[in-house]
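Good morning, colleagues. Please look at the sequence and the structure as they come up on the screen.

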Amino acid sequence: MSGKNAIGRRWSIGELAQATGVTVRALYHYDEIGLLSASERTVSGHRRYTEHDLRRLYRVRALRALGLSLEEVAGVLVNSPDDLATMRELLTAQLRDLESQAERIHRIKHRVHGLLRQLDDASMPDPDQFMMTLEMISVFETYFTQEQRDRLAERRAELGPEAVEAAKARWADLVEELLHHVRAETPVDDPQVRDLVSRWDALGSAFHPGGQQDERTTTTARRMWQDNTTEISRRLPWPAGQMAALVAYLERVRNTASTNREE
């Protein structure tokens, strides 16, 4: 790290990335969207981050961990002062979230202990299935808040097992139809493709009661899929590479439709 002087410590972008675990690419992106810019530059034009910038980066990462999108984080920070009261409020919210996570981890430990006890009385589960179940628990609990998981569970209970199974069957049919278009490289603005994606999204929306909170749940679910396609695909009958291509294709279709609506 850079040394201290009369006006405080300074970090280069590489030093800040190494110290905080935030990638250089992410720091460049934050700069591009106006979320976090280095307060100073050297004579040769290199970024130098100040202690104020470090606190802002902490706030950005803490708000992201609380489930806010980058756009929402920017909205929170735009008129938010960098003072003791604001930092205390953020740290208090972060602490509550960490305590909630600790409680969820505690419950997962109990589940794993239960599985271990079952091994004493029954045959060994298939190793791949065993590991995938634990992996999916981890992914699900990492992305969704307790409130979101509770709402999803309530909605599944309201729909009932028959409706859930029917939805799974319809979803599988949509996967097959959309994979055909992925392989055929059908343009993302094709009306038939847009109709299939609309049906896909409508099927997912059936598991959300509605409202702003559930829109955030939908966004979280999409981000979970995008970030963990390989892990999730291990439980599905389609190759991970095909599912990754499908997820990317879906996003391009949605982005194109959104752009067309704005125009």
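This is a predicted model: local features need pLDDT of at least 70, side-chain atom pairs count only at pLDDT 80 or more; totals for chains, interfaces and linings use all residues.

The protein chain contains twelve helices and four strands. Of its 263 residues, 30% are buried.

Let us take helix 3 and helix 4 to start with. Helix 3 covers residues 51-65 and helix 4 covers residues 70-78; their axes lie 10 Å apart, at an angle of about 130°. That angle makes helix 3 oblique to helix 4. The crossing of the two is right-handed. On the helix 3 side, the residues that meet helix 4 are Arg56, Arg59, Val60, Leu63 and Arg64. Helix 4 contributes Leu70, Val73, Val76 and Leu77.

The second pair is helix 8 and helix 9. Their axes come within 10 Å and cross at roughly 155°. Helix 8 is therefore roughly antiparallel to helix 9, since an angle over 145 degrees counts as such. This crossing is left-handed. From helix 8, the residues taking part include Ala167, Arg170, Trp171, Leu174 and His181. Their counterparts in helix 9 include Gln192, Val193, Leu196 and Trp200.

Which two residues form the aromatic pair, and why is it called tilted? The count comes to one such pair. Its members are Trp171 and Trp200, with ring centres 5.7 Å apart and planes at 55°, so the pair is classed as tilted. Trp171 belongs to helix 8, whereas Trp200 belongs to helix 9, which spans residues 191-205; the pair therefore ties together parts that are 29 residues apart in sequence. Both Trp171 and Trp200 are buried.

I come finally to His181, which sits in helix 8, residues 161-184. Is His181 buried or exposed? Its relative accessibility is 7%, and because the limit for a buried residue is under 20%, His181 counts as buried. The side chain of His181 makes a polar contact with the side chain of Thr186, at 2.9 Å. If neighbours within four places in sequence are left aside, the residues in contact with His181 are Thr186, Gln192, Val193, Leu196 and Tyr249.

Thank you for your attention.

Key:
Residues are numbered from 1 along each chain as its sequence is written. Side-chain values use heavy atoms; hydrogens and water are left out. Buried means under 20% relative accessible area, exposed over 50%, partly exposed in between (1.4 Å probe, protein chains only). A polar contact is a pair of N or O atoms within 3.5 Å; within protein, one must be able to donate a hydrogen and the other to accept it, and residues adjacent in sequence count only if both atoms are side-chain atoms. Contact means heavy atoms within 4.5 Å. Rings of Phe, Tyr and Trp (its six-membered ring) pair if their centres lie within 6.5 Å; planes under 30 degrees apart count as stacked, over 60 as edge-to-face and the rest as tilted. Axes are lines fitted to C-alpha atoms, for helices over the stretch in contact, and angles run from 0 to 180 degrees between N-to-C directions. Angles under 35 degrees count as roughly parallel, over 145 as roughly antiparallel, 65 to 115 as roughly perpendicular and the rest as oblique. A crossing is left-handed if the near helix is turned anticlockwise from the far one by less than a right angle, and right-handed if clockwise.
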